[in-house]
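My entries follow in the order in which I made them.

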Amino acid sequence: MAKTVSAKIEFTDGGIINLELYPEYAPVTVANFVKLCKANFYDGLCFHRVIDRFMIQGGGYVYDERRGLIPKECETIKGEFRSNGVDNPLKHEKGVISMARTMVKDSASSQFFICVADVPHLDGEYAAFGKCADDASIKTAVKYGKAKTGRWQQFSDMPFNPIVIKTITVDENAE
C-alpha cells in the first residue's frame, strides 16, 4: 500500500495552498515537515523572501511590527537531493515545494519554498518533497510571488505586506 500525504497551508488573508507530499522521494524531509505541522510550529510564521518568477520562502520567522523578523529554529535534517547522495528525481517546476538551506547540504530545518516558476538550476541541489495539489494552489503561490517587496533587516526581498501562515494541517492516508 502506497502512503499519500497531503497538506493544506492556510494564510491569515484567507489564501490556501494545497500540497501533495512525496515520502517515497524525500522520507526524512516529509517526516520532518509533518512533525512540525502537527506541532503547530508553522502557525504565525511568515514568508520572508518573495521573488517573482522564482519562489516564495517561509517557515523560519515570526513577523512582529515593532521588533521585525524573529527567528524560530529547530533541528536540521539530511538534505535529500542528488548532490548529497540521495536519489530524488523531483524537479523544481512551478508549484513544487522544497526545503531551503544554507550552503551546508545538511542544514535544512523548517524553512521551505514553493517555486512560482520552473527553476531547473535547483534540481539535484535542494530537497524537493512535494507539489501544489491543484491549479488554484499554484495560482495562489504565484499571486504571493508578485507581492511588492523591499529591503528590511537582512532581507532584500521581504514583502511590504506580510504573508503570514495561519496554520498548516496534514492528512496521512494509506491507499
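Predicted model: local features only at pLDDT ≥ 70, side-chain atom pairs only at ≥ 80, totals over all residues.

Entry 1, charges over rings. I found Lys72 over the face of Phe41, 4.5 Å from the ring centre. I count a charge as over a ring if NZ of Lys or CZ of Arg is within 6 Å of the ring centre and within 35 degrees of the ring normal. Arg101 lies over the face of Tyr126, at 4.5 Å from the ring centre.

Residues are numbered from 1 along each chain as its sequence is written, and side-chain values use heavy atoms, with hydrogens and water left out.

I looked up the aromatic pairs and got 11. Rings of Phe, Tyr and Trp (its six-membered ring) pair if their centres lie within 6.5 Å; planes under 30 degrees apart are stacked, over 60 edge-to-face, and the rest tilted. Phe33 and Phe129 make a tilted pair, with 5.2 Å centre to centre and 55 degrees between the planes. Phe33 is in helix H1 (residues 27-38) and Phe129 in strand E8 (residues 128-132), so this pair ties together parts 96 residues apart in sequence. Helices (H or I, at least four residues) and strands (E, at least two) are DSSP runs, numbered from the N terminus.

I also checked Phe47 and Phe112: their ring centres are 5.6 Å apart and their planes at 85 degrees, so the pair is edge-to-face. Phe47 belongs to strand E3 (residues 45-51) and Phe112 to strand E7 (residues 112-115), 65 residues apart. Phe47 and Phe112 are both buried, that is, under 20% relative accessible area with a 1.4 Å probe, protein chains only. Phe33 and Phe129 are buried too. One aromatic cluster includes Phe33, Phe41, Tyr42, Phe47, Phe112 and Phe129.

Which residues have the most contacts inside the largest nonpolar core? They are Leu21, Phe33, Tyr42 and Phe112, in a core of 35 residues. Such a core is a set of buried Ala, Val, Leu, Ile, Met, Phe, Trp, Tyr and Cys residues joined through side-chain atoms within 4.5 Å. H1 gives the largest share of this core, five residues. A second, separate core has 10 residues, among them Met55 and Val119.

Key: Buried < 20%, exposed > 50% of the residue type's maximum accessible area, 1.4 Å probe, protein only.
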